[in-house]
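Dear colleague,

Please find below the structure for your files. My notes on what was found in it follow directly after.

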Amino acid sequence: MLRRLILFAFLFFISFISLAQTPEKTVIAKKGDGIYSLLRNNGLDPTKYLKKFIALNKAQLKPNNQLLIGESYILPKAEIIIEEPHTITDSIPSKVIDSITVVNKINFPLFGKKHSVFNIESKKLDGAIYYLISGHGGPDPGAITTYNNTTISEDEYAYDVTLRLAKRLLSNGAKVYIIIKDENDGIRDKRILEIDYDEVCYVNKKIPRNQTLRLRQRTRTVNTLFMKHKGAYQRLIVTHVDSRSENKNIDVFFYHHKKSKNGKRLATNILESFKEKYAEHQPNRTYAGSVSSRGLYLIKNTFPPMVYIELGNIKNKKDQKRILDYENREALANWIYGGLLVDFNSTNE
């Protein structure tokens, strides 16, 4: 027994010396590289290793910590962390937990009293992680117009559709992060959704008034969560309501990152779901929605494959029917869900 202990100690010591003498890994910066992308491309979480990278390479960095093309940079050594088994909500402070599973039901207070408790339908999306961002929020209501002499805003209707989508995803086994949320509103079964300005960014961060800071805040939130769940099936869904001239009637359409095959497939799968439903419910009407790439800030800077959805023109009377009737908002959420389910299944075949 003593011999075995001595042998084990000796081997451990040799392994330790070997690790200590492992040369530092370096990488050469290419055009278009930033510290975040350089770390990410080498399997390192930028939110965790950024400061270490800067400390190791301070002399080779330009002002504002920009990289020099062709310069060699030292990569921080990845830490090996052994985690104990944990529950799905252990990383979220108890005061901000949004969901608790009880037997075959889910209690999600964010959905409001009427909709907070609902049944688990299936485990079809078990393993899928979704980040949901409804456009604008906080100090920015987005596009506004009037209906029956009452002001209505984009952010309230996009948020309601987002909550209804979140409910479908949760009830079918997905893990969902609602990035922009309002603790007071919940899912509302009415036509006029009153404007307020108390939405926050996950977890409970105040939304800045400056547009660039707002976009940067929600982008960083999604990217941090994405790196935490690296390796899982993760998708981002952003919902907006467009604003055009009153006579411009538009169908729901979808944007994706021009270089993301997964993003394009995601958008196309949701588009096909809409085509199928329009053919079923309005067989005499041609659906004119589309999928295309676009260089919007969220599309360019978020990590997960994503789809950016425009639900209609808030100023057009026909499009207003699509978002003012809560049953139509429920249908929009269900049709988006249908496309997401197809995308998840096709990815995991």
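At what angle do helix 4 and helix 9 pack, and how far apart are their axes? Please bear in mind throughout that this is a predicted model. Helix 4 (residues 154–171) packs against helix 9 at an angle of about 50°, and the two axes are 8 Å apart. Helix 4 is therefore oblique to helix 9, and the crossing in which helix 4 passes helix 9 is right-handed. On the side of helix 4, the contact is made by Tyr157, Asp160, Val161, Arg164, Leu165, Arg168 and Leu169. Helix 9 contributes Tyr326, Arg329, Glu330, Leu332, Ala333, Asn334, Ile336, Tyr337 and Leu340. Sorted by class, the residues in this contact of helix 4 with helix 9 are ten nonpolar, one polar and five charged.

Helix 9 (residues 326–347) also packs with helix 6 (residues 261–281), here at an angle of about 130° and with the axes 8 Å apart. That angle makes helix 6 oblique to helix 9. The crossing of helix 6 past helix 9 is right-handed. From helix 6, the residues that meet helix 9 include Arg265, Leu266, Ile270, Phe274 and Tyr278. Among their counterparts in helix 9 are Leu332, Trp335, Ile336, Gly338, Gly339 and Asp343. By class, nine nonpolar, seven polar and three charged residues form the contact of helix 6 with helix 9.

Six strands form an open sheet in the order 9-6-13-16-14-15, and their pairing is mixed. Strand 9 (175–178) and strand 15 (291–293) stand at the edges with a single partner strand each, so one side of each has no neighbour in the sheet. On average, neighbouring strands of this sheet are turned by 25° against each other, direction ignored. Within the sheet, strand 14 (residues 253–256) and strand 16 (residues 306–313) run antiparallel and are joined by three bridges. Opposite phenylalanine 253 stands glutamate 310 of strand 16.

Which helices lie on this sheet? Helix 8 (residues 317–324) packs on the sheet and touches strand 13 and strand 16, and its direction makes about 120° with that of strand 16. Helix 5 (residues 211–228) lies across strand 6 (128–134), strand 9 and strand 13 (233–242), and runs at about 175° to strand 6.

Turning to the aromatic residues, the structure holds 15 aromatic pairs. One of them is formed by phenylalanine 254 and phenylalanine 274, with 5.6 Å centre to centre and 70° between the planes, an edge-to-face arrangement. This pair links distant parts of the chain, since phenylalanine 254 belongs to strand 14 and phenylalanine 274 to helix 6, 20 residues apart.

Finally, some details of the backbone should be noted. The peptide bond that joins tyrosine 202 and valine 203 is cis, with an omega of about 5°. Valine 203 lies in the loop between strand 11 (200–201) and strand 12 (205–206). Histidine 136 is not a glycine, yet has a positive phi of about 65°; this histidine 136 is found in the loop between strand 6 and strand 7 (144–147). Asparagine 148, likewise not a glycine, has a positive phi of about 50°, and asparagine 148 is located in the loop between strand 7 and strand 8 (150–153).

With kind regards

Conventions:
Residues are numbered from 1 along each chain as its sequence is written. This is a predicted model: local features need pLDDT of at least 70, side-chain atom pairs count only at pLDDT 80 or more; totals for chains, interfaces and linings use all residues. Side-chain values use heavy atoms; hydrogens and water are left out. Two strands pair if DSSP finds at least two bridges between them. Helices (H or I, at least four residues) and strands (E, at least two) are DSSP runs, numbered from the N terminus. Axes are lines fitted to C-alpha atoms, for helices over the stretch in contact, and angles run from 0 to 180 degrees between N-to-C directions. Contact means heavy atoms within 4.5 Å. Angles under 35 degrees count as roughly parallel, over 145 as roughly antiparallel, 65 to 115 as roughly perpendicular and the rest as oblique. A crossing is left-handed if the near helix is turned anticlockwise from the far one by less than a right angle, and right-handed if clockwise. Ala, Val, Leu, Ile, Met, Phe, Trp, Tyr, Cys and Pro count as nonpolar, Asp, Glu, Lys and Arg as charged, and the others, Gly among them, as polar. Rings of Phe, Tyr and Trp (its six-membered ring) pair if their centres lie within 6.5 Å; planes under 30 degrees apart count as stacked, over 60 as edge-to-face and the rest as tilted.
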